[in-house]
Amino acid sequence: MAYDNVIQYGATYEFGIKSADAPVIPGMNVTKIQVGYAPEVNVKSQNGEGKTDSRVVDKPEDFDIRVKVTGRITDLDAFASTAANFTWRSRYFVIDGKSEPRERGAYVEADCDAESNVLIEGPAS
Amino acid sequence: MALDPVFGEAFALLPTPRVLGWRLRPFSLWHQLLLEEIDSPFVTGTAPTGPDLVRAVAICRCRHPYVRIDLPRGTGLYTLAHLAGRFRQHLERFKAYAKQAHCRPEVTIHPPKGVTGDSRGSAPEVFRLHLSVLALVHDRSAAWDCPAGQAEWYHMEAQRAKGVDVDYLTEKTRADWARLEAEDPETAEKCRQTLVEFRRRKKEGR
């Protein structure tokens with residue numbers, strides 16, 4: 001459901017077969033992505049009485065995004081060795097963790113964790 | 001709540017078929033062991049021939065501890081009469097019989113948190129299944145004669161009782177997989193091949 005006035009945290013997006021919206025990760029057929037948003041800048045300062053009197057928080061559109069991507073593995077070596085990053089919904093994600101593949105019925109499943117910071121749009125040139 | 005169809009198939013056994021004129025016993029762990037021992041095409045996946053089918057039928061007629069890889073002496077003509085011109089029909093019948101027996105539960109086994117290091121080798125899977133059933137029936141022959149599909153379920157629950165984190169798949173997961181097979185068979189085939197490769201590497205300890 002699309003919300004007009006609030007930001008939904010911890011949403012899980014599930015992708016249909018051959019979904020064009022799914023992130024592209026070599027060796028993985030992505031089935032779902034769990035998303036969490038958090039401000040990168042979140043600073044408080046206190047006055048002489050120890051009370052917060054100043055606060056700086058990221059704009060919502062600049063929040064860091066952490067995702068957990070889950071999918072079926074189509075190539076064990078491709079999943080294990082490459083894919084340091086991917087782009088999804090115009091944000092550049094850096095993969096910083098991968099799970100061990102596990103059997104799940106008729107296929108092998110795995111997860112990978114990634115983070116997007118608003119000012120990082122790609123590898124350093 | 002409707003019963004899991006795979007569970008139902010494993011425990012509500014249908015009458016076994018006649019192949020080459022011979023009535024087979026329910027496909028058991030003993031049959032699985034003997035077929036694996038002779039590298040039967042029905043377990044290795046290669047194309048079976050007439051003699052392979054005859055051997056498989058002979059095996060699937062016996063009970064533990066008997067080993068039979070040929071049909072009874074003097075019945076060659078009887079078998080040949082059934083085989084003549086109908087090899088494919090008997091082959092499909094045997095494959096359907098063997099497939100029905102492999103009604104294994106679809107599960108995910110979650111490894112314990114914090115466990116790392118190289119995976120170790122293990123005893124053959126058919127023996128591990130046998131041990132799980134043996135713990136229940138305390139009779140070696142009865143354990144070997146346990147239908148293979150039922151043994152898979154007993155084994156999985158025995159693992160759960162020991163504390164292994166076993167996750168039975170939901171209807172939704174199965175439905176998603178069925179949709180993938182229907183709408184994107186190429187990706188589904190890649191996933192299946194990856195599973196085979198994953199199991200092979202696990203066996204080799206990689």
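How much area do chain B and chain A bury between them? The answer is about 2,000 Å², with 60% of it on carbon and sulfur atoms; buried area here is the accessible area (1.4 Å probe) that two parts lose on being put together, summed over both. This is a predicted model, in which local features need pLDDT of at least 70 and side-chain atom pairs count only at pLDDT 80 or more, while totals for chains, interfaces and linings use all residues. Residues are numbered from 1 along each chain as its sequence is written, chains are lettered from A and ligands numbered from 1 in the order in which they are written, and side-chain values use heavy atoms, with hydrogens and water left out.

On to who touches whom. Chain B puts 25 residues into the contact and chain A 18 residues, contact meaning heavy atoms within 4.5 Å. Two salt bridges are counted between the chains, each being a side-chain nitrogen of Lys or Arg within 4 Å of a carboxyl oxygen of Asp or Glu. One salt bridge pairs A:Asp77 with B:Arg201, at 3.0 Å from N to O. On the side of chain B that touches chain A, the elements giving two or more residues are β3 (107-110), α10 (171-183) and α11 (185-204) of chain B, and α11(B) gives the most, with 11 residues. Helices (H or I, at least four residues) and strands (E, at least two) are DSSP runs, numbered from the N terminus.

Helix α11 of chain B also holds B:Thr187, which counts as buried at 14% relative accessibility; buried means under 20% relative accessible area, exposed over 50%, and partly exposed in between (1.4 Å probe, protein chains only). Neighbours within four places in sequence aside, B:Thr187 is in contact with A:Asn29, A:Thr74 and B:Leu180. A network of salt bridges links A:Asp77, B:Glu197, B:Arg200 and B:Arg201. Within α11 of chain B, B:Glu189 and B:Arg192 sit three residues apart, about one turn of the helix, and form a salt bridge with their closest N and O atoms 3.2 Å apart.

Over all chains, the structure holds 16 salt bridges. Among them is A:Arg66 with A:Asp96, at 3.1 Å between the closest N and O atoms. A:Arg66 lies in strand β5 (residues 64-73) of chain A and A:Asp96 in strand β7 (residues 91-98) of chain A, so the pair ties together parts that are 30 residues apart in sequence.
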